Amino acid sequence: PVAGSAKGAWRIQLGAFSQRSSAEALYRRLSGSAPVEGRRQFLVAAGGVTRLQIGPYPSRSAAEAACSALAARGQDCFPVAAK
């Protein structure tokens, strides 16, 4: 899929970082992987941290499947509803 072409109300969250640059670096590292390719990064400020979310995904089950695929590569994440 082309970046930004995906639609849906779900994202996956890959972590919360004290440095925005760390969140951006993780996105760059994962952006070519199948579960992430063609999805946008969302950098969500939350207090003193930046949450890295990627999406959108069309359903919670699609977001869960992306997390399962990333977990097989050693990267934890969890689905979150887009706001």
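Select Cys67 and Cys77: their link is left-handed, with -135° about the S-S bond. Cys67 lies in helix 2 and Cys77 in the loop between helix 2 and strand 4, so the pair ties together parts that are ten residues apart in sequence. The S to S distance of this disulfide is 2.1 Å; a disulfide here is a pair of cysteine sulfur atoms within 2.5 Å. A search of the whole structure finds one. Both Cys67 and Cys77 are buried, where buried means under 20% relative accessible area, exposed over 50%, and partly exposed in between (1.4 Å probe, protein chains only).

The model is predicted: local features need pLDDT of at least 70, side-chain atom pairs count only at pLDDT 80 or more, and totals for chains, interfaces and linings use all residues. Residues are numbered from 1 along each chain as its sequence is written, and side-chain values use heavy atoms, with hydrogens and water left out.

**Helix 2**

Now select residues 60–71, which form helix 2. Helices (H or I, at least four residues) and strands (E, at least two) are DSSP runs, numbered from the N terminus. Helix 2 has twelve residues and reaches 16 Å from its first C-alpha to its last, close to the expected 16 Å; the expected span is 1.5 Å times one less than the number of residues.

Colour Ala63, Ala66, Cys67 and Leu70, which are buried in helix 2. They cover an arc of only 100° around the axis, which puts them on the same side of helix 2; the arc is that of the directions from the helix axis to the C-beta atoms. The buried residues of helix 2 pack against strand 1, helix 1 (20–30), strand 3 and strand 4 (78–81), contact meaning heavy atoms within 4.5 Å. On the face turned away from the buried side, look for the exposed residues Ser61 and Ser68.

**Salt bridges**

A salt bridge is a side-chain nitrogen of Lys or Arg within 4 Å of a carboxyl oxygen of Asp or Glu. Arg60 is partly exposed at 41% relative accessibility, and Glu64 is partly exposed at 34%.

The structure holds two salt bridges. For the other, go to Arg20 and Glu24, whose closest N and O atoms are 3.1 Å apart. Both residues lie in helix 1, four residues apart, about one turn of the helix. Arg20 has a relative accessible area of 47% and Glu24 one of 24%.

**Strand 3 and its partners**

Next select residues 49–57, strand 3, where seven of the nine residues are buried. Strand 1 (residues 10–17) runs antiparallel to strand 3, and six bridges join them; two strands pair if DSSP finds at least two bridges between them.

Strands 2 and 3 form a hairpin with two residues between them, and Gly47 in the turn has a positive phi of about 65°.

**Phe17**

Finish at Phe17 in strand 1. The C-alpha atoms of Phe17 and Val49 are separated by 5.2 Å, although the two are 32 residues apart along the chain. Leaving aside neighbours within four places in sequence, the contacts of Phe17 include Ser22, Ala23, Leu26, Val49 and Leu52.
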